[in-house]
Amino acid sequence: MELRHLRYFVAAAEEEHFGRAAERLHVTRPAVSKLIADLESELDTSLFERLAHGVKLTEAGQALLPLLQVAIADLNEAFAEAKRVGQGKRGSLSIGYGSLTLLHPLFRIAVKQFRQTYPDVTLSLVEAASAAQPKALAAGKIQAGFMHFGPRAAVLRKRSSADLVQDEAMLDWFRIQTCGLGVAVPSDHPLARHKSVAMEALADENFIVVPGSSRSPAFGLPHDLCQKAGFEPRIVQEVSTVTSQLNLISVGMGIALMPTGRDFVYPASVSVIPLENVSYSTSFIFGWVKGRRSPALDHMIEIVQALAAKPESSRAAQRT
């Protein structure tokens with residue numbers, strides 16, 4: 001028995017005529033007659049009374065019709081649901097992000113645009129540091145992520161033109177933006193009035209760092225740059241996120257090194273001044289596991305790539 005046997009039976013029962021059922025199904029009348037006969041033979045019972053000008057359901061046929069109508073309706077909905085998922089219009093998508101990502105307008109615009117365009121896709125945002133996201137991707141905890149890395153980050157050493165290796169998972173990614181490096185100080189700090197700052201000017205400052213990530217410009221890097229400038233950094237506070245860093249900076253607890261870029265939007269209580277004579281760039285990227293793209297992820301990639309290609313002024317217009 002095949003699905004078409006059931007569809008032919010329902011059409012013939014509803015039309016009460018094999019010919020009209022054939023027209024509805026876009027097949028020949030003999031094809032309908034044969035499949036109905038095959039179905040009756042398999043069930044070993046008659047489903048139709050053959051009349052001169054049509055057919056009429058037997059008692060067995062009357063019992064079968066409503067059950068098959070429900071079953072076929074369920075099958076049609078199942079097929080439609082599979083098609084929606086295959087087109088990326090239904091399903092789920094889990095995206096990683098860190099505190100620094102929240103400071104970039106592209107993230108907010110991309111999330112809002114995705115939710116508006118694909119409202120039936122369940123979008124989950126998972127907070128995770130950039131250093132932790134490749135492992136989360138490899139484990140399947142997230143499907144893609146917004147990450148920030150310095151130039152020496154292992155995940156940015158490409159084996160080919162568009163992939164990288166981390167935690168035994170091959171990742172694909174593209175760069176949203178390349179940023180420089182600056183120092184974040186309270187808005188009322190004397191350095192806040194400067195257009196740029198030399199590392200040597202930070203010798204007497206207190207540093208706030210995010211430990212546990214050698215790839216992040218928030219930790220490890222201050223020590224290296226300070227040593228090159230002739231002093232040891234005075235680290236007075238360790239925090240878990242960039243958000244905590246900025247909050248402590250705003251109340252005068254210290255300073256920190258932060259990415260600089262025209263698109264990053266820092267709190268008004270904090271000023272980020274570019275560093276002089278420091279050759280260091282950071283990368284804001286969107287990455288995913290190679291070979292694990294889904295239709296929903298494809299849509300997010302398209303949105304992020306399109307936004308990254310737009311000038312900042314266009315993105316600003318979308319924010320309003």
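**Exercise 1. Where do Phe264 and Phe284 sit, and how are their rings arranged?**

Let's begin with burial: phenylalanine 264 is buried, at a relative accessible area of 8% (buried means under 20%, exposed over 50%, partly exposed in between, with a 1.4 Å probe and protein chains only). Phenylalanine 284 is buried too, at 0% relative accessibility.

A note before going on: this is a predicted model, where local features need pLDDT of at least 70 and side-chain atom pairs count only at pLDDT 80 or more, while totals for chains, interfaces and linings use all residues. Residues are numbered from 1 along each chain as its sequence is written, and side-chain values use heavy atoms, leaving out hydrogens and water.

Next, the rings. The whole structure holds 12 aromatic pairs (ring centres of Phe, Tyr and Trp, the last by its six-membered ring, within 6.5 Å; planes under 30 degrees apart are stacked, over 60 edge-to-face, the rest tilted). Phenylalanine 264 and phenylalanine 284 make a tilted pair, with 6.2 Å between centres and 50 degrees between planes.

**Exercise 2. Which residues of α1 are buried, and what covers them?**

Start with the helix (a DSSP run of H or I, at least four residues; strands are E, at least two; numbering is from the N terminus). Helix α1 spans residues 3-15. Its buried residues are His5, Leu6, Tyr8, Phe9, Val10, Ala11, Ala12 and Ala13. Their cover includes α2 (18-25), α3 (29-43), β1 (48-51), β2 (54-57) and α4 (59-86). After α1 comes glutamate 16, with a positive phi near 55 degrees.

Methods:
The expected span of a helix is 1.5 Å times one less than its number of residues. Contact means heavy atoms within 4.5 Å.
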